[in-house]
Amino acid sequence: MLRKNLRLLAIAFSEEDEKFLYSEITNIHVYKSINNLSDMRSAVWGSDWDVILFNHDKSFLDYCTVLNVLKESGKDIPFIIYSDVSDEDTVLSALYSGVHDYVHKGNAFYLIHAIEREIRNAGIRQTKAKADDQISYLAFHDGLTNLPNCSLFSDKASAMLSRLVESDAIAAMYLVDFDRLPYINSIYGSSVGDRLIQQFSQRLSAFSNENCLLTRIEGCKFAFINANVTDAESVQDFANRVIKLAISPVTIDNLVFYLRLNIGICIYPANGENIARLLANAESTLSNTRYLWKNTCTYYTKEIEVAAIKRSVLEISLRSAIEKNELLLHYQPIVDLQSGALSGVEALVRWNHPEFGLLLPEKFIPLAQEIGLIIDLGRWVLQQACRQAKLWHQAGYGSLSISVNISAIEFDQIELVNSISQVLAETGISSGLLELEISESTLMRDAETSTQILQALKDMNIKIAMDNFGTGYSSLRYLKHFSIDILKIDRSLTHDIIIDPDSSEIIAAIIAMAKNLDLSVLATGIETKEQFDFLHHLRCDRAQGFLFSKPMIAQDMLHLLTQRKTGTLA
């Protein structure tokens with residue numbers, strides 16, 4: 001059954017043939033008969049047709065010529081030849097050329113069937129083409145912002161840069177990032193964060209054109225490659241225009257957000273001759289803006305490149321550092337200020353890198369956190385520290401405590417308590433001699449959850465030290481709810497206790513408060529006899545610092561223990 005309102009374009013039909021068509025095909029709604037190529041071209045390009053019928057009998061128009069006009073239009077319209085000529089060679093030649101069907105005149109039933117079938121097939125092809133287009137679009141565009149994804153961006157940007165080679169022109173890569181997205185997602189939900197990204201991308205899209213391409217890299221990070229710049233002034237001017245976007249707030253469901261941007265900039269070809277290198281260098285540059293004021297931009301330099309290369313080397317080698325036995329522990333004594341006895345040690349990890357030498361934690365711990373190795377590294381530190389402590393206990397120093405730092409990422413792990421319990425069982429150390437140092441800021445991120453974890457650790461008889469106390473923003477009321485034993489005063493406070501009245505008053509208040517809460521106080525960074533005397537006078541419990549000893553390897557620590565077995569370090 002033919003569809004109603006059939007739109008039929010007939011080519012090179014006589015009046016007699018047209019009458020036959022009307023008599024046999026009753027659903028024709030729009031019909032047009034043409035007899036020259038010019039009219040045929042206008043009809044195909046100017047209107048939509050369900051089917052084209054071509055009369056092949058002694059026509060002055062060749063079906064191949066007519067078919068080429070249809071192909072040039074790009075339209076998928078069934079093309080059927082209706083002819084008295086029915087020899088096999090002619091039919092096969094026509095079908096091979098792209099004709100959809102070849103119907104012998106007088107066979108109205110088959111003609112109607114052919115029209116019906118080819119219209120249906122055309123619909124299937126068009127549906128498939130739309131699906132293919134959609135799949136292709138999704139494969140090369142960001143699903144959230146509809147911007148070209150990195151793959152399409154790289155292809156277009158590479159083509160754009162290739163056009164600049166002959167002219168010695170420059171281009172600028174801008175990596176744009178706005179902060180606080182994780183915070184916004186955690187407070188308001190990811191849907192709000194997604195809409196924020198969409199609005200920001202729409203603002204950035206205002207700068208996008210054929211010579212200034214934009215993509216979303218990930219999260220809230222976007223990249224421009226701008227070939228409209230001509231000199232340093234125009235490069236900076238574009239960055240300033242982007243930064244101005246942060247001045248205007250973004251409103252989502254009556255919530256107002258102010259964006260704070262940082263931009264890493266590198267120049268083609270001076271800072272990279274291909275898109276991959278420009279993006280990598282811009283990423284390295286952006287990472288150097290992390291501790292700068294917001295709404296600023298930083299330009300790529302050779303020093304940044306050297307630092308990026310070193311970081312890359314560190315990342316690769318850090319993944320195998322434990323297996324290669326490149327990590328080691330140093331131990332710093334903790335002294336009882338009232339008796340002068342050495343009461344414990346703190347385990348401090350070092351990395352004996354084969355190329356860069358002995359690295360302190362600040363050189364690789366942040367990297368371990370970024371690449372997901374901090375949990376494995378933390379467990380290794382705990383195991384090694386507990387094993388060493390057990391050896392000291394067996395050597396006659398059974399009351400020596402061992403102190404180990406727990407990072408924020410480790411503290412967030414569900415298996416933390418079980419993991420620590422396994423290490424204690426494996427090493428045989430008494431849980432009462434293990435002190436875990438957890439920073440004040442980590443504990444205060446989720447006070448209620450922290451309370452539960454700390455209580456589980458306390459139930460194991462493990463001592464808990466609040467590290468970096470006095471540098472955060474904790475509510476003092478939580479101190480009595482947290483199951484902690486020790487307040488560890490940060491070295492930033494102890495450094496100036498002799499010359500700065502404010503520091504000395506703060507430390508005096510901390511010690512007095514701790515005494516009232518039945519907490520022990522450990523002061524860090526003690527380097528002078530005056531600092532020692534001040535803390536001793538305030539009856540501070542314990543201290544550590546260069547005045548007593550720098551961190552040392554286990555063998556030297558045993559020698560020190562032997563020396564001080566009956567003496568003091570004060």
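Charged pairs and a patch

R41 is partly exposed, with a relative accessible area of 35%. Keep in mind that this is a predicted model. The partner of R41 is E72: the two form a salt bridge, and their closest N and O atoms are 3.3 Å apart. R41 sits in helix 2, residues 37–46, and E72 in helix 3, residues 63–73, so the bridge ties together parts that are 31 residues apart in sequence. E72 itself counts as exposed, at 51% relative accessibility.

Why do such pairs form at all? Side chains of opposite charge can pair when their charged atoms come close.

Next, D142 and R216. Their salt bridge has its closest N and O atoms 3.1 Å apart. D142 is in the loop between helix 5 (108–140) and helix 6 (150–162), while R216 is in strand 7, residues 212–218, so to speak a link between distant parts of the chain, 74 residues apart. Are these two buried or exposed? Both D142 and R216 are buried.

How many salt bridges does the structure hold? The count is 18.

Last, the patch. Y183, I187 and Y188 form a nonpolar patch on the surface, with about 310 Å² of accessible area together. Y183 lies in helix 7, residues 181–188, and is partly exposed, at 43% relative accessible area.

Notes
Residues numbered from 1 in each chain as written. Predicted model: local features only at pLDDT ≥ 70, side-chain atom pairs only at ≥ 80, totals over all residues. Heavy atoms only, no water. Patch = residues over 30% accessible without salt bridge, like charges linked within 9 Å, V, L, I, M, F, W, Y side chains within 5 Å. Areas by Shrake-Rupley, 256 points an atom, 1.4 Å probe, with all protein chains shown as cover. Salt bridge = Lys/Arg side-chain N within 4 Å of Asp/Glu carboxyl O. Helix = DSSP H or I, 4+ residues; strand = E, 2+ residues; numbered from the N terminus. Buried < 20%, exposed > 50% of the residue type's maximum accessible area, 1.4 Å probe, protein only.
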